[in-house]
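Here is a short tour for you to follow with the model open beside the text. We start with the overall layout and then move to individual sites.

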Amino acid sequence: MKQYNPHEIEPRWQKAWADADLYKVTEDASKPKRYVLEMFPYPSGDIHMGHVRNYTIGDVIARYSKMRGFDVLHPMGWDAFGLPAENAAIKHHSHPAKWTYQNIDTQKASFKRMGFSYDWDRTVVACDPEYYRWGQWIFLKMWEKGLVERRNSPVNWCPNCQTVLANEQVTEGECWRCHGAVEKRDLTQWYLKITDYAQELLDDLDQLDGWPERVKQMQANWIGRSEGAEVTFTLCGPDGEAPAEPTEDDLITVFTTRPDTLFGCSFFLLAPEYKGLMDLVAGTEYEAGVREVVEQAAKVSAVERAQGDREKHGAFTGRYMVNP
Ligand SMILES: [Zn+2]
């Protein structure tokens with residue numbers, strides 16, 4: 001009986017495919033085009049079964065399309081730039097470049113063993129200057145158009161990973177990568193003015209055919225554009241009296257989409273990050289309670305705080321506002 005011996009059969013055929021340049025892509029304008037891209041893995045080690053599943057699905061689609069007569073581009077590359085590589089290199093007492101390219105070679109060898117149909121001449125490696133120069137070029141073009149600005153603002157900082165984290169990367173005050181405590185830190189950073197495109201982005205959500213309504217709503221919330229008015233409230237003194245001539249410190253401006261409902265305003269809530277909040281309660285019986293809320297809030301991520309199912313809590317400052 002003839003047995004299937006993968007160690008004998010697969011390398012033999014993989015070599016035959018490689019010798020025949022079977023997966024080399026040559027543009028053929030007479031055929032319909034198809035671009036099959038799974039995703040670029042992060043070279044943190046060898047590939048695992050999750051990769052195998054993911055890239056097998058893409059490979060099936062690429063092969064099927066090719067057999068159906070499409071001109072298929074099926075490239076592979078590595079998302080290989082940034083701090084995770086540096087942290088891994090520190091941990092393994094290696095140079096980030098050496099560590100990263102070693103892992104890329106390991107993964108590439110595993111992909112080849114799987115027999116995936118990649119054109120290896122079309123490889124993209126994000127840490128290669130030949131690749132990231134284009135990111136820098138795009139950044140400069142945006143800078144020239146006034147779409148880039150530098151601001152000092154509080155960020156989520158992981159002292160362990162020495163990196164800034166997105167709100168989504170902080171869970172219950174912990175870093176998603178190392179589970180260390182995350183702190184708020186004021187840092188100077190670059191910002192891209194995507195707000196200039198808010199309306200355009202919102203309008204074009206309608207062009208997304210076949211997208212679930214829920215996902216489109218999430219995108220709209222993410223863009224976060226809303227129309228309304230700024231309303232200024234006046235802060236009363238510790239005696240509960242409104243100042244006769246309010247100074248700038250006595251005025252607090254809020255944004256509302258419903259200025260027409262202002263008469264129903266029954267309380268005024270300050271964010272725990274509000275500048276001057278602790279000055280309002282300094283030396284009063286309310287200081288300890290407010291301090292506790294502020295310290296508690298610093299440990300909770302912005303995403304968790306925005307979730308509707310969280311129990312509302314706060315502390316009285318002992319102060320009142322005048323409803324305009
Ligand atoms: Zn961390």
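## Domains

In this predicted model, the C-alpha centres of domain 2 and domain 3 are 25 Å apart. Those two belong to a division of the protein chain into four parts: domain 1 covers 6-131, domain 2 covers 146-192, domain 3 covers 195-225 and domain 4 covers 229-322.

## The zinc site

Which residues coordinate the zinc ion? The SG atoms of Cys-158, Cys-161, Cys-175 and Cys-178 do, at 2.3 to 2.4 Å. The angles among the four donor atoms run from 103 to 114°, and the site is tetrahedral. Along the sequence, the donor residues follow the spacing C-x2-C-x13-C-x2-C.

Cys-161 sits in the loop between strand E5 (148-158) and strand E6 (163-165), while Cys-175 belongs to strand E8 (residues 174-175), so the pair ties together parts that lie 14 residues apart in sequence. Both Cys-161 and Cys-175 are buried.

Most residues other than glycine have a negative phi. With that in mind, take a look at Glu-172, which is not a glycine and yet has a positive phi of about 45°. You will find Glu-172 in the loop between strand E7 (170-171) and E8. Is Glu-172 buried or exposed? Its relative accessible area is 63%, so Glu-172 counts as exposed.

His-179 is another non-glycine residue with a positive phi, here of about 65°. The loop that holds His-179 runs between E8 and strand E9 (183-192). With a relative accessibility of 53%, His-179 is exposed.

## Nonpolar cores

The largest nonpolar core has 13 residues, and the members that touch the most others are Met-76, Trp-78, Phe-111 and Tyr-118. Helix H2 (49-67) and helix H4 (96-114) each contribute at least two residues to this core. Apart from it there is another core, with six residues, including Cys-158, Cys-161, Leu-165 and Val-170. As a general point, nonpolar side chains in soluble globular proteins tend to be buried together.

Which residues does Tyr-118 touch, not counting those up to four places away in sequence? They are Tyr-23, Glu-38, Tyr-55, His-74, Pro-75, Met-76 and Phe-111.

## Tyr-23 and its surroundings

Tyr-23, one of those partners of Tyr-118, is placed in the loop between helix H1 (6-19) and strand E1 (33-35). Its relative accessible area is 15%, and Tyr-23 is therefore buried.

Setting aside residues up to four places away in sequence, Tyr-23 touches Trp-17, Arg-63, Lys-66, Gly-115, Phe-116, Ser-117, Tyr-118 and Asp-119. Tyr-23 and Leu-73 are 50 residues apart along the chain, with their C-alpha atoms separated by 9.3 Å.

## The two sides of helix H3

Helix H3 (residues 83-91) has three alanines as its buried residues: Ala-85, Ala-88 and Ala-89. Viewed down the axis of H3, these buried residues fall within an arc of 100°, so they line one face of the helix. What do the buried residues of H3 pack against? Their partner is H4.

On the other side of H3, you will see Ile-90 and Lys-91 exposed. Just after H3 comes His-93, with a positive phi of about 50°.

Glu-287 is part of helix H9 (residues 287-298). A relative accessibility of 22% makes Glu-287 partly exposed. Beyond its neighbours within four places in sequence, Glu-287 is in contact with Met-278, Val-281 and Ala-282. Lys-312 lies in the loop between helix H10 (302-306) and strand E12 (321-322). At 70% relative accessibility, Lys-312 is exposed. Lys-312 and Ala-97 are 215 residues apart in sequence and 48 Å apart in space, C-alpha to C-alpha.

Terms used. Residues are numbered from 1 along each chain as its sequence is written. This is a predicted model: local features need pLDDT of at least 70, side-chain atom pairs count only at pLDDT 80 or more; totals for chains, interfaces and linings use all residues. Side-chain values use heavy atoms; hydrogens and water are left out. Donors are N, O and S atoms within 2.8 Å of the metal (3.2 Å for Na, K and Ca); water is not among the atoms, so sites may look incomplete. Four donors count as tetrahedral if all angles lie between 85 and 135 degrees; four count as square planar and six as octahedral if opposite donors are over 155 degrees apart and all others between 65 and 115; anything else is irregular. Helices (H or I, at least four residues) and strands (E, at least two) are DSSP runs, numbered from the N terminus. Buried means under 20% relative accessible area, exposed over 50%, partly exposed in between (1.4 Å probe, protein chains only). A nonpolar core is a set of buried Ala, Val, Leu, Ile, Met, Phe, Trp, Tyr and Cys residues joined through side-chain atoms within 4.5 Å. Contact means heavy atoms within 4.5 Å. Domain bounds come from an automatic or database domain assignment. The arc is that of the directions from the helix axis to the C-beta atoms.
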